[in-house]
Amino acid sequence: MSIQSTIYISMPIYNAQEYLTNCLETIKNQTYSNFVCVMVNDGSTDSSPKICAEYAQDKRFVLLTQENKGVGAARNTSLDYIIAHASDNDFLTYIDADDTIPLHFFERFIEVLNKDIP
């Protein structure tokens with residue numbers, strides 16, 4: 001038996017315009033598409049909010065905005081959202097705005113988790 005889990009991604013964003021699109025594209029193009037990327041704009045003064053708003057047109061991307069409080073507060077804001085929306089069989093991962101992930105990252109993650117389910 002396998003589970004159809006949602007992978008929630010906590011992503012704090014502060015003035016990340018130089019690499020944000022590349023990061024979000026690696027998430028958007030995952031072979032496992034059951035994810036929710038919770039982007040928290042932490043008071044960016046560059047074009048990061050505009051980039052995030054474009055991705056938020058895809059229901060798998062959620063944009064939350066707050067005044068600049070730092071990366072820890074941004075993570076906590078995303079966790080509040082995730083706790084309110086996640087189910088018992090969902091998972092959480094952290095990805096920073098300057099990260100990129102391989103195309104099959106989420107798919108392999110779920111495959112490994114399902115191997116241990118009877």
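This briefing walks through some helices and a handful of residues in the structure above.

The model is predicted, so to speak of a local feature takes a pLDDT of at least 70 and side-chain atom pairs count only at pLDDT 80 or more, while totals for chains, interfaces and linings use all residues. Residues are numbered from 1 along each chain as its sequence is written, and side-chain values use heavy atoms, with hydrogens and water left out. Helices (H or I, at least four residues) and strands (E, at least two) are DSSP runs, numbered from the N terminus.

**H1 against H2**

- Helix H1 (residues 20-28) and helix H2 (residues 48-55) have axes that come within 10 Å and cross at roughly 20°; axes here are lines fitted to C-alpha atoms, for helices over the stretch in contact, with angles running from 0 to 180 degrees between N-to-C directions.
- That angle makes H1 roughly parallel to H2 (under 35 degrees is roughly parallel, over 145 roughly antiparallel, 65 to 115 roughly perpendicular, and the rest oblique).
- The H1 and H2 crossing is right-handed, meaning that the near helix is turned clockwise from the far one by less than a right angle, with anticlockwise being left-handed.
- On the H1 side, Leu-20, Thr-21, Leu-24, Glu-25 and Lys-28 do the meeting, and their partners in H2 are Ser-48, Ile-51, Cys-52 and Tyr-55; contact means heavy atoms within 4.5 Å.
- By class, that H1 and H2 contact comes to five nonpolar, two polar and two charged residues (Ala, Val, Leu, Ile, Met, Phe, Trp, Tyr, Cys and Pro are nonpolar, Asp, Glu, Lys and Arg charged, and the others, Gly among them, polar).

- Leu-20, Cys-23, Leu-24, Thr-26 and Ile-27 are the buried residues of H1; buried is under 20% relative accessible area, exposed is over 50%, and partly exposed lies in between (1.4 Å probe, protein chains only).
- Look down the axis of H1 and its buried residues fall within an arc of 155°, so they line one face of the helix; the arc is that of the directions from the helix axis to the C-beta atoms.
- Covering the buried residues of H1 are, among others, E1, E2, H2, strand E3 (61-66) and H4.
- Over in helix H4 (residues 105-115), the buried residues are Phe-106, Ile-110 and Asn-114.
- Those H4 residues cover an arc of only 70° around the axis, which puts them on the same side of H4.
- The buried residues of H4 pack against strand E1 (7-13), H1, strand E2 (35-42) and strand E4 (91-94).

- Met-11 sits in strand E1 and is buried, at a relative accessible area of 0%.
- Skipping neighbours within four places in sequence, the contacts of Met-11 include Leu-20, Cys-23, Leu-24 and Ile-27, along with Cys-37, Val-38, Met-39 and Val-40, and also Ile-95, Asp-96 and Ala-97.
- Asn-15 lies in the loop between E1 and H1, and it has a positive phi of about 45° although it is not a glycine.
- With a relative accessible area of 26%, Asn-15 is partly exposed.

- Ala-74 belongs to helix H3 and is buried, at 0% relative accessibility.
- Leaving out neighbours within four places in sequence, Ala-74 is in contact with Pro-12, Val-40, Asp-42 and Gln-66.
- Ser-78 is in helix H3 (residues 71-85), and it too counts as buried at 0% relative accessibility.
- Beyond four places in sequence, Ser-78 is in contact with Ser-10, Val-38 and Val-40.
- Ser-78 and Met-39 are 39 residues apart in sequence, with 7.3 Å between them in space, C-alpha to C-alpha.
- Ile-82 is in helix H3 and is buried, with a relative accessible area of 7%.
- Not counting residues up to four places away in sequence, Ile-82 touches Tyr-8, Ile-9, Ser-10, Val-38 and Leu-92.
- Ile-82 and Glu-111 are 29 residues apart in sequence and 22 Å apart in space, C-alpha to C-alpha.
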